[in-house]
Amino acid sequence: MEVGVYGSRDGHGVEAVRLPDVGSGETGGAIVSDDASFTQQRKCRPNHRPNVTALLFKWLMEHQHNPYPSEDDKKSMCAHTGLTYNQVNDWFINARRRYL
């Protein structure tokens with residue numbers, strides 16, 4: 001295994017160990033896989049339906065002064081949207097970060 005010096009423009013360098021080339025046979029006992037699953041793109045996860053997002057966003061904009069729905073508000077939103085309590089809760093956590 002080679003050792004190289006990687007430096008900046010001022011000439012001071014940092015010593016580093018060169019990693020083995022994957023196709024060179026010098027893997028040092030490491031498991032190397034050319035499985036096609038590593039190269040596949042991740043599947044897109046679906047967003048909430050637009051009518052669900054619109055309802056939650058409307059509530060958020062109407063309550064900008066206090067954007068924290070009560071438990072009863074969240075349960076009502078669950079009934080109207082079909083989302084779970086945790087999904088509604090997480091949506092508001094993320095929306096407060098993104099929009100307010």
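A residue is taken as buried when its relative accessible area is under 20%. By this criterion, 17% of the 100 residues of the chain are buried in the predicted model. The chain contains 3 helices and 2 strands, and the order of these elements from the N terminus is β-β-α-α-α.

The largest nonpolar core consists of 11 residues: Val52, Leu56, Trp59, Leu60, Met77, Cys78, Leu83, Val88, Trp91, Phe92 and Ala95. At least two residues of this core come from each of α1 (50–62), α2 (71–81) and α3 (85–99).

Met77 belongs to the core. With residues up to four places away in sequence excluded, the contacts of Met77 are Leu55, Leu56, Trp59, Pro69, Gly82, Val88 and Phe92. Val88, also a core residue, is located in helix α3. The relative accessibility of Val88 is 0%, and the residue therefore falls in the buried class, for which the cut-off is under 20%. Once neighbours within four places in sequence are set aside, Val88 contacts Lys74, Met77, Cys78, Thr81 and Leu83. The C-alpha atoms of Val88 and Pro69 are 9.8 Å apart, at a sequence distance of 19 residues.

The packing of α1 and α2 was considered next. The description of two packed helices rests on the angle between their axes and the distance between the axes. For α1 and α2, the axes approach within 10 Å, with a crossing angle of roughly 155 degrees. Angles over 145 degrees count as roughly antiparallel, so this description applies to α1 and α2. The crossing of these two helices is right-handed.

On the α1 side, the contact is formed by Val52, Leu55, Leu56 and Trp59. Their counterparts in α2 are Asp73, Met77 and Thr81. Classified by residue type, the contact of α1 with α2 comprises 5 nonpolar, 1 polar and 1 charged residues. Val52, Leu56, Trp59 and Met77 take part in this helix contact and are also listed in the largest nonpolar core.

Note on methods:
Residues numbered from 1 in each chain as written. Predicted model: local features only at pLDDT ≥ 70, side-chain atom pairs only at ≥ 80, totals over all residues. Heavy atoms only, no water. Core = buried A, V, L, I, M, F, W, Y, C linked by side-chain atoms within 4.5 Å. Buried < 20%, exposed > 50% of the residue type's maximum accessible area, 1.4 Å probe, protein only. Helix = DSSP H or I, 4+ residues; strand = E, 2+ residues; numbered from the N terminus. Contact = heavy atoms within 4.5 Å. Axes fitted to C-alpha atoms, helices over the stretch in contact; angles between N-to-C directions. Parallel < 35°, antiparallel > 145°, perpendicular 65-115°, else oblique. Left-handed = near helix turned anticlockwise from the far one by under 90°. Nonpolar A, V, L, I, M, F, W, Y, C, P; charged D, E, K, R; others polar.
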